[in-house]
Amino acid sequence: MKKLSARRRHPLAAVVVLLLALAATGGLYAAFAPAEKAQADSSAQSLAIDEGKKLFAVGCSSCHGLNGQGTSDGPSLVGVGSAAVDFQVGTGRMPAQQPGAQVPRKKNIYSQAEIDQLAAYVASLGPGPVTPTPEQYEPSSNDVTNAEQVAKGGELFRTNCAQCHNFNGKGGALTNGKYAPSLEGVDAKHIYEAMQTGPQNMPSFPDTTMPEEQKREIVAFVRHTNDEASPGGLTLGSLGPVTEGLFGWIFGLGTLILIAIWVAAHTTKAKKS
Amino acid sequence: MSENLPEAHDASHGTALVSHDDPFADPGLPAHEPRRTDIDERAAKRAERQVSLMFVVSMLATIGFIASYASIDADKIVYIFPLGHVSALNFALGMTLGVALFCIGAGAVHWARTLMSDHELPAERHPIEADDDVRNDVIEQFKTGAAESGFGRRKMIRNTLIGSMALVPLSGVVLLRDLGPLPEKKLLHTGWDKATQSSPIKLVNMNTDEPMKPEDIVQGSLTFAKPEGLEESAEDFQQQIAKDALMIVRIAPGDIKDAESRDKGFEGILAYSKICTHVGCPISLYEQQTHHALCPCHQSTFDLADGARVIFGPAGHPLPQLKITTDEQGFLIATGDFDEPVGPSYWERPR
Ligand code: FES
């Protein structure tokens with residue numbers, strides 16, 4: 001003790017106290033700081049956001065603005081959420097080739113990892129619908145529950161979707177060159193995201209008016225109509241009266257007329273028998 | 001004899017008269033040529049067998065139809081070359097019925113062509129009107145008849161006869177009246193008319209069967225609704241929903257161009273009738289960016305941001321809009337019916 005007090009006036013005493021204090025603060029911080037995992041996560045997240053921001057600057061900013069705030073050529077992306085990015089880029093709609101009534105689906109040029117980075121960046125601009133997980137969109141693999149989902153989904157599809165996308169999901173025409181695309185061969189995830197986010201002119205069907213389970217049922221129905229064989233054989237595009245009527249008039253009536261001509265032409269009067 | 005045909009024609013049946021004096025003379029009918037089956041008895045027998053064969057095939061096909069109906073499983077799918085994967089039952093039924101019908105027709109045609117009499121029967125054309133003698137005679141008779149009946153003189157008989165003739169068709173109208181009730185006032189009201197200030201009706205989501213709050217309806221979304229209490233199990237559900245169906249959209253209040261329409265809505269939530277005002281198709285091809293709703297039947301287009309004004313197509317008037325608000329618990333409600341009848345125009349429609 002004596003020794004300590006004797007050295008109290010030592011010129012290095014202040015330094016020692018400072019070091020001790022620093023060590024204590026550091027120790028306390030280490031003890032009470034947020035869990036390590038969260039730190040690692042957010043840094044990976046911020047890494048993705050950074051990467052996404054770079055991809056965004058190259059691929060998207062010319063229309064949507066450097067910070068995704070939107071320009072006269074493209075809408076603001078604040079609050080559209082990662083689901084919208086995953087859908088638009090994942091189906092090749094974005095980046096758009098050219099402005100027009102509707103941006104068509106085309107070959108996707110981004111890898112899923114890049115899409116996720118872009119989505120992370122856009123999601124960081126404002127809260128919005130989050131990219132769904134397979135449990136959310138994948139229909140049940142159990143035959144019985146799947147059949148139930150298909151039946152319920154069919155009913156929901158006819159109420160909410162069939163008016164634009166046709167009773168079989170083959171798509172249809174809208175105004176001024178816009179159209180509802182065919183749902184054939186579309187990923188379950190993308191169908192789910194479209195309902196969630198309402199891409200382009202499609203209205204959205206948020207969870208508040210169409211719960212998650214119902215969206216999954218609709219996906220089950222769409223997949224079923226895509227995969228099932230047609231009981232009648234030739235579907236003629238499953239477009240309904242247009243193609244069926246055309247077929248009936250041209251091939252059905254046409255054949256009857258040809259037969260009638262043949263029967264009438266081969267009479268005895270034509271000197272053939 | 002006929003003035004239309006040259007004299008020589010009748011004498012030699014079917015022989016053309018070639019006259020150098022008159023290059024445009026009627027060539028007459030070509031000579032009759034017998035068919036093989038007319039002269040060769042063996043050929044006739046063969047044709048007979050062919051016809052019966054077709055009828056027999058038809059019978060077999062019908063039996064095949066019944067057999068496949070009874071034996072093939074309805075769920076069975078098979079691959080058949082140009083058609084792809086088809087239901088075996090559908091294919092079998094269609095083919096057998098088709099063959100059965102076709103063979104009857106083909107047999108009948110073959111019979112008529114080979115075995116039935118094939119003598120040409122010319123039907124000559126003559127002026128349609130009768131000659132003057134006959135006409136004068138008929139007119140004479142009519143006049144005598146009219147004079148004898150006293151039709152022109154006895155006015156009472158004439159008038160009552162005309163009256164009774166005019167009324168007879170009415171019995172037809174009475175009978176046909178049974179085909180349907182008059183619409184009366186049914187087209188004026190929908191299921192929403194039971195709503196009043198004191199007992200409002202909640203708007204129920206068609207998907208979830210739950211009432212909705214304004215915060216459930218996000219901008220750019222589309223929701224279909226029906227009045228609370230209308231159950232799908234109800235006997236008259238289809239008749240009711242054909243008038244009551246709503247489509248609910250939410251538009252930023254600043255984007256709503258029609259002030260009256262904005263007031264009928266609630267914070268930008270607008271509830272329009274789903275029934276097209278042209279001939280009543282359900283319309284709901286809603287484009288969330290342009291706020292246009294398109295009818296798939298004849299392409300009538302309504303601008304939902306502007307009181308559902310018709311901007312294209314044959315529809316005669318805007319979609320009726322239901323006035324909505326919220327109750328104390330915050331659910332969307334209607335306190336009355338549409339101000340005008342929903343659906344297509346009709347004679348007695350007020351406006
Ligand atoms: S019914 Fe809608 S346009 Fe004809």
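**Sheet, helix and interface**

Guide: In chain B, strand β6 (residues 269-273) pairs with β11(B) in the antiparallel sense over 2 bridges. Strands (E, at least two residues) and helices (H or I, at least four) are DSSP runs numbered from the N terminus, and two strands pair if DSSP finds at least two bridges between them. This is a predicted model: local features need pLDDT of at least 70, side-chain atom pairs count only at pLDDT 80 or more, and totals for chains, interfaces and linings use all residues. Residues are numbered from 1 along each chain as its sequence is written, chains are lettered from A and ligands numbered from 1 in the order written, and side-chain values use heavy atoms, without hydrogens and water.

Visitor: Which residue stands opposite B:Q321 in β11(B)?

Guide: Strands β6(B) and β11(B) are antiparallel partners. Opposite B:Q321 stands B:Y272.

Visitor: Which strands stand at the edges of the sheet in chain B?

Guide: The open sheet has 7 strands, in the order β11-β6-β5-β4-β3-β13-β12, with antiparallel pairing. Each edge strand has a single partner, so one side of each is left without a neighbour in the sheet. The edge strands are β11 (321-322) and β12 (324-326).

Visitor: How far does helix α5 of chain B reach from its first C-alpha to its last?

Guide: Helix α5 covers residues 132-149, 18 residues in total. The expected span is 1.5 Å times one less than the number of residues. The expected value is 26 Å, and the helix comes close to it, at 26 Å.

Visitor: How much area do chain B and chain A bury between them?

Guide: Contact (heavy atoms within 4.5 Å) takes 38 residues from chain B and 36 residues from chain A. In chain B, B:R113, B:N207 and B:E287 lose the most area to chain A, together 20% of what that side buries. Buried area is the accessible area (1.4 Å probe) lost on being put together, summed over both parts. Of the total, 56% is on carbon and sulfur atoms, and the total is about 3000 Å².

Visitor: Which residue of chain A meets B:E287 in a salt bridge?

Guide: A salt bridge is a side-chain nitrogen of Lys or Arg within 4 Å of a carboxyl oxygen of Asp or Glu. Between chain B and chain A the count is 1. At 3.3 Å, N to O, the partner of B:E287 is A:K178.

Terms used
Buried area = accessible area lost by both parts, 1.4 Å probe.
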